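This report describes one protein chain. It starts from a single side chain, then turns to the overall fold and the surface.

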Amino acid sequence: QPNKIIEINGDYWHGNPKLYKPDDIILKGSSDEILVKDKWKKDKKKIRYAKSLGYKILIIWESDLIDKPQKTINKILHYARTKNKIN
C-alpha cells in the first residue's frame with residue numbers, strides 16, 4: 001500500500017529558508033500575519049504527524065520547480081518509484 005506524500009511548498013507561503021529569515025513576516029491566509037519561524041513549526045508538526053501515521057514525505061520547494069524543473073521532476077519520479085521505507 002502506498003504510504004508516500006509529496007508536498008510542494010510555495011516559497012512565500014511556507015517561508016523557504018533559502019529566501020526568508022526566521023523573524024520575517026508572511027501572510028497566514030488572506031489577512032493574518034505569521035512569523036516564518038512559527039510557520040516552520042506548524043509545518044514540522046504536520047510532518048511529524050504524517051510520519052507517525054506511517055507516511056514518508058518528500059518536500060519540494062516552488063523555486064526548485066521553477067529553477068530546476070527537470071531535476072526536480074526526476075527527484076519526484078525517483079521518490080515515487082522507490083520502495084517504501086519509513087525514514
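## Burial, fold and surface patches

Lys 39 is buried, with a relative accessible area of 18%. The cut-off for the buried class is under 20% relative accessible area, so Lys 39 at 18% falls within that class. The coordinates are those of a predicted model. Lys 39 lies in helix H2. Beyond residues up to four places away in sequence, Lys 39 touches Trp 13, His 14, Ile 26 and Ile 34.

The chain holds four helices and four strands. Read from the N terminus, the order of these elements is β-α-β-β-α-β-α-α. The C-alpha trace spans about 40 × 30 × 20 Å along its principal axes. The chain has 87 residues, of which 28% count as buried. When contacts between residues at least 6 apart in sequence are considered, 53% of them join residues at least 24 apart.

One of the contacts of Lys 39 is with His 14, a residue of helix H1, which covers residues 11-14. His 14 is buried as well, with a relative accessible area of 13%. Leaving out residues up to four places away in sequence, His 14 touches Glu 7, Asn 9, Lys 39, Trp 40, Asp 43, Lys 46 and Trp 61. The C-alpha atoms of His 14 and Lys 37 are 9.6 Å apart in space, while the two residues are 23 residues apart in sequence.

Glu 7, among the residues touched by His 14, sits in strand S1, residues 4-9. With a relative accessible area of 17%, Glu 7 is buried. Aside from its neighbours within four places in sequence, Glu 7 is in contact with His 14, Lys 46, Leu 58, Ile 59 and Ile 60.

The accessibility values of the residues discussed here are set out below.

| Residue | Relative accessible area | Class |
|---|---|---|
| His 14 | 13% | buried |
| Glu 7 | 17% | buried |
| Lys 39 | 18% | buried |
| Tyr 55 | 32% | partly exposed |
| Lys 44 | 54% | exposed |
| Lys 45 | 58% | exposed |

The chain exposes about 6,400 Å², and carbon and sulfur atoms supply 56% of this area. A nonpolar patch on the surface is formed by Tyr 49, Leu 53 and Tyr 55, which together have about 330 Å² of accessible area. Tyr 55 is placed in the loop between helix H2 (36-52) and strand S4 (56-61). Patch members need over 30% relative accessible area, and Tyr 55, at 32%, is partly exposed.

Which residues form the positive surface patch? Lys 28, Lys 42, Lys 44, Lys 45 and Arg 48 do. Four residues of the positive patch come from H2, the largest share. Lys 44 lies in helix H2 and is exposed, with a relative accessible area of 54%. Lys 45 is also found in helix H2 and is exposed at 58%. Between Lys 44 and Pro 22 the C-alpha to C-alpha distance is 14 Å, and the pair is 22 residues apart in sequence.

For the chain as a whole, there are 20 positive and 11 negative charges, and their mean positions are 12 Å apart.

Key. Residues are numbered from 1 along each chain as its sequence is written. This is a predicted model: local features need pLDDT of at least 70, side-chain atom pairs count only at pLDDT 80 or more; totals for chains, interfaces and linings use all residues. Side-chain values use heavy atoms; hydrogens and water are left out. Helices (H or I, at least four residues) and strands (E, at least two) are DSSP runs, numbered from the N terminus. Buried means under 20% relative accessible area, exposed over 50%, partly exposed in between (1.4 Å probe, protein chains only). Contact means heavy atoms within 4.5 Å. Accessible areas come from the Shrake-Rupley method with a 1.4 Å probe; for residues, only the protein chains shown count as cover. Lys and Arg count as positive and Asp and Glu as negative; His and the chain ends are not counted. The place of a charge is taken as NZ of Lys, CZ of Arg, CG of Asp or CD of Glu. Patches are made of residues with over 30% relative accessible area and no salt bridge: like charges are joined within 9 Å, nonpolar side chains (Val, Leu, Ile, Met, Phe, Trp, Tyr) within 5 Å. A salt bridge is a side-chain nitrogen of Lys or Arg within 4 Å of a carboxyl oxygen of Asp or Glu.
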